[in-house]
Amino acid sequence: MFEQYEVNGVFDEMFTAKDRPRAHYQSVDRRLRKLNPAMLDRRRRMADVSFRNQGITFTVYGDARGVEKTFPFDLVPRIIPASEWDAIERGLEQRIAALNLFCKDVYGDQRILKEGVVPPALIYGAKMFRREMIGVSVSRDIYIHICGTDLIRDRDGNYLVLEDNGRTPSGVSYVLENRAVMKRVAPTMFSAYKVRAIEDYPYNLLRCLKHVAPARGEDPTIVVMTPGIYNSAYFEHSFLARQMGVELVEGSDLVVDNGFVYMRTTAGLRRVDVIYRRVDDDFLDPLAFRPDSMLGVAGLMNAFRLGNVALVNAPGTGVADDKAVYPYVPDMIRFYLKQEPILANVRTYICDRPDDRQYVLEHLHELVVKSTNESGGYGMLMGHQAPQAEREEFAEKIRSDPRNFIAQPIVELSQHPTLFEDHFEGRRVDLRPYILYGEKPIVMPGGLTRVALRKGSLVVNSSQGGGSKDTWVLEEEISPSGVATSVAMSSA
Amino acid sequence: MSTDTSKFFVTRPPRPMLARDADSVYWMSRYAERAEHIARILLVNTNLLIDVGDLAPELQERQWQSVLTIMRSAELPQLPPDPPALTAMPGTTTDAPLAQRVAHHMAFSSDNPNSLFNCISRARENARGIRETISAEMWENLNTLYWTLRDAPARFDESPEDVYRQVIIGSMLFQGLTDQTLQHDQRWHFAQLGKHLERIDVTSRVIATRFQILKQAESKLETPIRNIHWMSVLRSCCSIEAYRRNNIGDMDPVRVASFLILEPEFPRSIRFCVGQAYAAIAAIRAELHPQAIDPAERALGRLKTQLDYAEPAEVLKPGVPQYCERIQHEIAEAAVAVQATYFLH
């Protein structure tokens with residue numbers, strides 16, 4: 001099974017060298033070696049059927065068959081030791097705090113612009129900067145309630161932040177379903193480990209939503225808002241509504257009357273207090289944003305400005321996860337929190353800066369170029385793999401609209417053993433932990449480990465042929481001999 | 001954390017239900033029910049023609065035409081249909097036997113809104129939009145059935161009966177799961193309403209269509225063949241065993257009709273279903289509009305009373321098909337009223 005496995009250069013999550021598993025992987029390693037291809041295949045099939053029958057699917061756009069696909073699931077879990085996680089957790093808490101202060105600031109006093117830490121032109125030029133949000137008082141000053149921050153590891157195993165997703169990050173439902181399926185098809189794999197539970201995420205999310213509800217006499221009415229069943233993340237919207245026990249609404253289920261939001265029920269209109277919206281800013285309200293939106297609710301922004309309804313995440317948070325603003329996040333942490341960043345960024349060239357642009361255009365063959373407002377692996381150039389023509393095309397785009405592009409050196413990403421046909425091979429992985437920001441920040445232990453299923457590929461997005469793994473954060477430290485020892489948790 | 005126990009008392013107002021969700025629950029249930037009836041009708045008809053096809057060839061075509069009439073699918077479409085994968089199959093070429101063509105048209109055709117596959121797809125599509133409203137068991141059952149049916153065309157000709165039975169059992173399982181895993185609140189009542197209205201609709205059309213055909217042909221048929229035909233009508237309505245317990249001896253058209261229409265305790269009879277549909281709409285109305293009068297409730301209440309006090313002669317006098325048409329008319333009126341009152345806020 002591991003005969004052909006190669007450990008070569010990039011950081012390997014499981015092995016230090018061929019057949020030398022790290023301490024926290026030893027038990028998994030032993031169990032995997034006991035399995036034969038037929039057993040693995042059976043388990044993989046069990047997992048596939050389970051996903052399909054439960055309808056745990058996403059929709060791929062641009063595919064003529066308009067199909068629901070299951071998100072490929074890999075049976076080898078990714079394991080993160082307790083001490084490693086501790087640092088990640090503190091780093092993410094620090095980051096979401098700074099991003100929220102930044103949002104409040106740019107839509108308020110704009111100190112960070114006035115003091116020259118972030119260039120104003122960058123902010124005013126950001127596509128996702130919402131003038132409509134200036135001076136709006138937001139419930140409890142929280143803008144980004146839910147954040148999914150993508151982490152990768154360099155050659156030495158250092159965790160780096162690749163990007164923050166502070167608008168409507170998706171994927172958390174797969175984290176929960178992956179764990180459930182893992183328990184079903186490979187229960188014995190857990191036996192040597194104390195894996196931190198993640199099942200309380202929907203409960204924490206609900207508490208976070210309640211925290212920002214406008215005060216009134218009764219229990220707040222909370223809803224999840226979806227663009228509808230044809231949205232690629234529809235499964236997740238429905239999943240979260242179900243897990244929290246709240247209604248899942250579409251724009252057409254809501255109506256604004258006299259500054260309040262109501263949903264249409266069989267018994268008439270019923271007031272809504274908090275909307276966990278999974279609809280992009282652009283489509284939220286045809287009166288405020290795109291007038292052709294069929295997914296939104298006319299007057300919603302007005303109700304929001306009046307403080308009669310909470311929107312989660314708040315409109316305008318896209319300014320904080322703009323890829324050209326991302327390089328300034330470490331400075332934000334220093335500026336607002338007077339702390340040094342715990343998690344480092346990836347070196348980033350901002351094409352809007354003449355020096356950077358010059359460098360990028362001269363080094364396209366060794367850089368990743370990204371459009372500042374795209375996600376899901378769209379609008380990207382992998383310089384070292386792209387043909388000459390595509391590189392030239394991107395160079396032209398960069399020259400004509402530099403604000404819209406950034407570039408980063410190709411970070412190799414760590415690799416992880418992944419089942420390929422009947423044996424294991426190394427495949428690149430990243431990690432998207434989910435952070436909730438309500439009364440206090442809560443980081444879900446683990447997150448979504450995405451894996452690029454094509455050999456050598458660095459693109460892990462589900463829309464580009466990526467898969468995922470169950471991710472285990474251990475409660476206990478595992479000593480080099482492979483024996484677990486208790487570690488006090490850092491947060492109560 | 002402190003707990004406010006007063007929240008758990010029964011005085012808590014019922015949870016509101018999105019109008020769109022009610023709409024979807026209703027149609028999900030209707031389509032699941034429709035699939036069961038279509039599968040059964042196809043199953044019964046196939047078996048019937050194995051028995052009598054050669055003896056009464058002139059009946060064969062009329063018999064299949066009647067299946068299409070029942071499903072309001074008047075004509076066979078020009079073949080071949082999509083998806084392209086189907087074109088290679090024997091049932092989809094124009095020279096294939098009529099039985100096979102109808103079977104494929106009714107089972108998988110995407111042009112036929114009432115094909116088994118379309119019914120299950122629509123039931124599932126509705127369910128998919130309200131997964132947070134229904135139970136996980138209900139969803140998984142429909143979803144599994146959908147995937148089973150998607151994989152079915154390849155093995156269909158080997159044994160159509162297998163596929164029909166899978167749909168029948170899958171649909172019944174779905175209705176059972178609805179009873180056993182869903183709180184019997186508004187959601188359940190809307191599901192019951194959809195199920196029973198659909199059952200009344202199909203059953204009344206089966207009776208009307210078959211009566212028309214059999215009446216015309218009856219003089220030409222010998223008793224054993226005639227019996228087989230009337231038995232197939234009962235089988236199409238899943239009622240043969242219940243009928244036999246109540247009526248010993250030959251198949252008598254009058255008795256068959258009055259059993260299917262007026263029997264008070266049999267869950268497939270029209271009277272029984274009207275009673276259930278009425279109970280469902282009355283429960284919904286009582287919860288949502290305690291003071292008001294509901295047009296759907298009124299329409300079903302009238303029909304229920306009419307059936308509760310009807311004598312078999314009343315059914316026969318205008319003619320069984322005509323009586324069934326009147327029922328359909330009233331059911332349609334009730335369905336439109338439900339739509340207007342609860343789904344279109």
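## A β-α-β unit in chain A

Strand β8(A), helix α8 of chain A (residues 234–244) and strand β9(A) form a right-handed β-α-β unit. Right-handed means that, with the strands pointing away from the viewer, the path from the first strand over the helix to the second runs clockwise. Helices (H or I, at least four residues) and strands (E, at least two) are DSSP runs, numbered from the N terminus.

This is a predicted model: local features need pLDDT of at least 70, side-chain atom pairs count only at pLDDT 80 or more, and totals for chains, interfaces and linings use all residues. Residues are numbered from 1 along each chain as its sequence is written, while chains are lettered from A and ligands numbered from 1 in the order in which they are written.

## Strand β8 and its partners

Strand β8(A) covers residues 222–225. Two strands pair if DSSP finds at least two bridges between them. β8(A) runs parallel to β13(A), residues 274–277, with 4 bridges. There, A:V224 has A:Y276 as its bridge partner. β8(A) also runs parallel to β9(A), residues 247–249, with 3 bridges. Here A:V223 is bridged to A:E247.

In a regular strand, side chains alternate between the two faces of the sheet. Both faces of β8(A) are covered. A:I222 and A:V224 are buried on one side, A:V223 and A:M225 on the other. A residue is buried if 20 or more other C-beta atoms, placed from the backbone, lie within 10 Å of its own; it is exposed at 12 or fewer and partly exposed in between.

## A:D74

A:D74 sits in strand β5 of chain A, residues 73–80. A:D74 is buried because 24 other C-beta atoms lie within 10 Å. Beyond residues up to four places away in sequence, A:D74 touches A:T418, A:L419, A:V451, A:G467 and A:K469. Contact means C-beta atoms, placed from the backbone, within 7 Å. A:L453 is 379 residues from A:D74 in sequence, yet 9.3 Å away in space, C-alpha to C-alpha.

## Chain A overall

Chain A has 13 helices and 27 strands. Of its 492 residues, 48% count as buried. Among contacts with a separation of 6 or more, 69% join residues 24 or more positions apart. The C-alpha atoms fill a box of roughly 70 × 60 × 50 Å along the principal axes.

## The contact between chains A and B

Chain B gives 19 residues to the contact, and chain A gives 19 residues. On the chain B side, α1 (19–52) and α5 (136–150) each give two or more residues. α5(B) gives the most, with 5 residues.

Definitions and conventions
Two residues are in contact if their C-beta atoms, placed from the backbone, lie within 7 Å.
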